[in-house]
Amino acid sequence: MILALETSCDETSAAVVHEGRILSNVVASQIRLHAEYGGVVPELATREHLRNLIPVARRAMDEAGIGPANLDALAATRGPGLPAALRAGFTAAQGLALSLGRPLFGIHHHEAHLYSPWIEGQPLVAQFDRFEPNLSLIVSGGHTLLVQVTAPLEHRVLGGTLDDAAGECFDKAAKLLGLAYPGGPQIDRLAAEGDPVAFEFPRPLVSDPNHDFSFSGLKTSIRYFLQKHPGLADDPQRLRDLCASIQAAVVDVLVTKTVRAARNLGVGCVTASGGVTLNSGLRRDLAARCERHRLRLRISAPSLCTDNAAMVGVLAELHQVQGRSPTPSDAEVAPGWALAEDVSP
Ligand code: KG4
Ligand code: ZN
C-alpha cells in the first residue's frame, strides 16, 4: 500500500496505490489561482501546496479506506519541478515515512508520465504485464520529450525541445489571441469549429530527421502575423480559424516526428502522456497516423494526462517490484533532474 504525493508544479495531488490498482487519486488544481497572472507564480504555488497537502492526503486515504498505519511505503516527486513546490510535497512525505518507519521512493516526474499510458481500465490498473517496447512522446506545459522505452524502467531520451514546450506554445499563442490561461484547452475548444488550413503557420524542425523540437519560432510567427493583421482575432470565426491553424501546426510537428521516430527505430508501439495529450486534435491525428503505419497506440487515460499522484505511486511500485530500494539520493529533491540521468535501477 503506497501513498504518493505530487507537487512539482501547480497541482497538489495524493493517491493510494495497491498492487497496481489506483484506490484513490485526489487532485487539487491551482489553475484558477494562477489564471489572473497568466502563468504559474512559484511562491503562490508553494503556499497553496502547503495549505492543501494534508487535506488532500487525508482524503486520498479516506477514499481508499485506509489510514497511515496501513501504508507500506511512501512516494513523492523529487523533480524536475519548481524547487519550493517540490520541497513542500517531498518534505511532507519524508516526515510521514520517518514517523511510520516506512521507505520513501523519490520519483522522477517525467518517468511517472512515461509509464502512465500503461495504466488503464475502470478501476484504473497498471498493465505492465502487457508491456511492449515503445516510442514515447511526453508532452506538457514544461516538457516535450521523445523517449525510447525498451523494457519497464529501461529507457533513453532521444530528443526534446530546444526552447518552449508544446504546452507552453499553446499557452503563449492563446495569450496573444487574448484567451485565458491555461490556453491549451481554450485553443482546443475553439479549434473544433475552425478551419485548420485557413492560415499557414510554420512547422519548426518537422522535416529534420533528428528528434528535437522547437516551438518558440512558431510563437514568434504568430505574434508577427497578429501584428500584421490587427483586429483579426476579434472576429469570432477568424479566431476559431486561427486556433485550428495553430493547433494543426503544433500537432503536425508532434505527430510527424513521433511516428517517424517509431518507424525508424522499428518499434511497433507508440505511447503518449502529459497534459497536451488531452488535446483532441493530437489524440485524433496520432491515432490516425499510427493506424496508417500499423503502430499500436497507448495514450494516458484523460484523468492521468495532467499532473497527478497516481502515476507517481504506480511508478514507485514498479521500482519496488523491480527490486529497487530507496538510496540516500531518494532523500533530496532534484529540481533540475534530467530524465536521461540515473533513472534505471
Ligand atoms: O502535464 P501538465 O498538467 O503540467 C505540466 O507538467 O506542465 O500540462 C499542462 C499543459 C498546459 O500547457 C496546458 O495548456 C496543456 O497542458 N493542455 C492542453 C490541453 N489541455 C491541457 N493543450 C492543448 N489542448 C488541450 N486540450
Ligand atoms: Zn507533468
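Two strands count as paired if DSSP finds at least two bridges between them, and strands (E, at least two residues) and helices (H or I, at least four) are DSSP runs numbered from the N terminus. This is a predicted model, in which local features need pLDDT of at least 70 and side-chain atom pairs count only at pLDDT 80 or more, while totals for chains, interfaces and linings use all residues. Residues are numbered from 1 along each chain as its sequence is written, chains are lettered from A and ligands numbered from 1 in the order in which they are written, and side-chain values use heavy atoms, leaving out hydrogens and water.

**Stop 1: the sheet**

Select β8 to β12: these five strands make an open, mixed sheet in the order β10-β9-β8-β11-β12. Because β10 (154-160) and β12 (296-299) each have a single partner strand, one side of each edge is left without a neighbour in the sheet. Now pick out β8 (134-139) and β11 (269-273), which run parallel and are joined by four bridges. Leu 135 has Val 270 of β11 as its bridge partner.

**Stop 2: Ser 13**

Next, go to Ser 13 in strand β2 (11-18). Is Ser 13 buried or exposed? Its relative accessibility is 0%, so Ser 13 counts as buried (under 20% relative accessible area; exposed is over 50%, partly exposed in between, with a 1.4 Å probe and protein chains only). Show the side chain of Ser 13: it reaches the backbone oxygen of Val 26 at 2.9 Å, and one of its polar atoms lies 2.8 Å from the backbone nitrogen of Ala 309.

**Stop 3: the aromatic rings**

The whole structure holds five aromatic pairs, meaning Phe, Tyr or Trp rings (six-membered for Trp) with centres within 6.5 Å; planes under 30 degrees apart are stacked, over 60 edge-to-face and the rest tilted. Select Phe 201 and Phe 225, an edge-to-face pair at 5.4 Å centre to centre with 80° between the planes. Phe 201 lies in the loop between α6 (183-191) and α7 (216-228) and Phe 225 in α7, so the pair ties together parts 24 residues apart in sequence. Phe 213 and Phe 215 are stacked, at 6.1 Å and 10°.

Terms used
Polar contact = N/O pair within 3.5 Å; in protein donor to acceptor, adjacent residues only side chain to side chain.
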